[in-house]
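Colleague: I am new to this structure and would like to learn how to read its metal site and its pockets. Could we go through them in turn?

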Amino acid sequence: MERKGCDPGFPATAVLGIESSCDETAAAILAPDGTILAERVLSQIADHAAFGGVVPEIAARAHLLALDAMVKDALREAGLGFGGLAAIAATAGPGLIGGLLVGTGYAKGAAIAARVPYLAINHLEAHALTARLPGMAASRPAFPYLLLLLSGGHSQCVAVEGVGRYRLLGATLDDAVGEAFDKTAKLLGLPYPGGPALEACAREGVPNIPLPRPLLHRAGCDFSFSGLKTAVAQLLAAEPPGALPRQRAADIAASFQAAVTDILGDRLSHALAMCPAASSIVIAGGVAANTAIRARLAEVAAAAGKALIAPPLRLCTDNAVMAAWAGIERLAAGFTSPISAPCKPRWPLDAL
Ligand code: KG4
Ligand code: ZN
């Protein structure tokens, strides 16, 4: 491995980010102003598809197999060696412990060898700060802003008040919204990952089946999705024996998606009431890819006179650009992490 100063002509200012908290292995290199010099993401969907969900041990091994070559490939594209790096940031939680150990272990080793600071990144903070990357909005969103994080592992409304300063306004009481999509898709016999498959199926259907909308109009902005999923399970159990007709599956998918859309729109309007000073609304997580959900959240934002910032999908889902950018934001705010910083499978944002 090259040492700091071994890359003549390149100032050591770039930051390497590593993401390995779930089923994407990712590495990215950013200039200090957030310009993306190189980014790589390897999805493990094919490794887990046969099991219908992420298998932690398979995920950890897959990260281990891919990461080193991926980082070196990204460095090559950026025209840098390890010596061209000013810091190395890696997701240290929340997430699956095996993958976190692979990513942070690699980052720590490289940071020691390159003699640069290490930054242990909170994955949720990385999602929260992505909207401040150059080019995500007409102007960089000012603090405070609202983050609606809608992924397979998390559903949260957060007031982002500054780097390292987060106020949790609401979160799921049971399943994450992406998890609800995945489980419902599985009930309907759709392939993994269920979210995109369910959205495609819903496009052929009519939302004409009454389904519950847990917590709708309740105070606060917590979410609950398990009752909705159970209602779909009960509906399917009452179907006549035999294969579910395609149109019936599409109507159920459309009805489920309409219920989730209503819930999210309602929760966002409550979150806005809880944080009236929010400069804008940022959405992140794989479910933010859903066209119907995006459209409803845009309507709620427009009615409140706020901009809705939806980073491009590749930066909404898990990636390493966001880890590197969170590292840059933390460095600018004066934070670094000790090499002894642990991985934290559970690491709520408001504990930062
Ligand atoms: O943020 P993400 O890539 O990974 C984490 O969970 O951290 O989100 C993946 C989740 C999965 O549950 C997937 O089914 C869901 O996002 N998802 C969708 C769509 N695309 C991905 N859900 C609904 N509609 C979609 N188009
Ligand atoms: Zn994520």
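Predicted model: local features only at pLDDT ≥ 70, side-chain atom pairs only at ≥ 80, totals over all residues.

Colleague: Which residues coordinate the zinc ion (ligand 2)?

Modeller: The zinc ion (ligand 2) is held by NE2 of His 123, NE2 of His 127 and OD of Asp 318, at 2.1 to 2.2 Å. Along the sequence, these donor residues follow the spacing H-x3-H-x190-D.

Colleague: Where do His 123 and His 127 lie, and are they buried or exposed?

Modeller: Both belong to helix 4 (residues 123–129), where they sit 4 residues apart, about one turn of the helix. His 123 and His 127 are both buried.

Colleague: How does one find the pockets?

Modeller: Rolling a probe the size of a water molecule over the atoms shows where empty space is left. Here the largest pocket holds about 1200 Å³ of space.

Colleague: What lines the largest pocket?

Modeller: Its lining has 44 residues, and Asp 23, Ser 151, Gly 152, Gly 153 and Asp 182 lie nearest the centre. Helix 5 gives the largest share, 7 residues. By class, the lining of the largest pocket has 17 nonpolar, 18 polar and 9 charged residues. Domain 1 (2–130 + 317–351) and domain 2 (143–310) each contribute at least three residues to this lining.

Colleague: How much space lies in the second largest pocket?

Modeller: About 330 Å³. It is lined by 16 residues, with Leu 124, His 154, Gln 156, Arg 346 and Pro 348 closest to its centre. Strand 7 (155–162) and strand 8 (165–171) each supply at least two residues of that lining.

Definitions and conventions:
Residues numbered from 1 in each chain as written. Chains lettered and ligands numbered in written order. Heavy atoms only, no water. Donors = N, O, S within 2.8 Å, 3.2 Å for Na, K, Ca; no water. Buried < 20%, exposed > 50% of the residue type's maximum accessible area, 1.4 Å probe, protein only. 1 Å grid on protein atoms, 1.4 Å probe; cavity = no way out; pocket = protein on both sides within 12 Å on 5 of 7 lines; lining within 4 Å. Points joined across faces, edges and corners; volume = space filled by probe spheres on them. Nonpolar A, V, L, I, M, F, W, Y, C, P; charged D, E, K, R; others polar. Domains from an automatic or database assignment.
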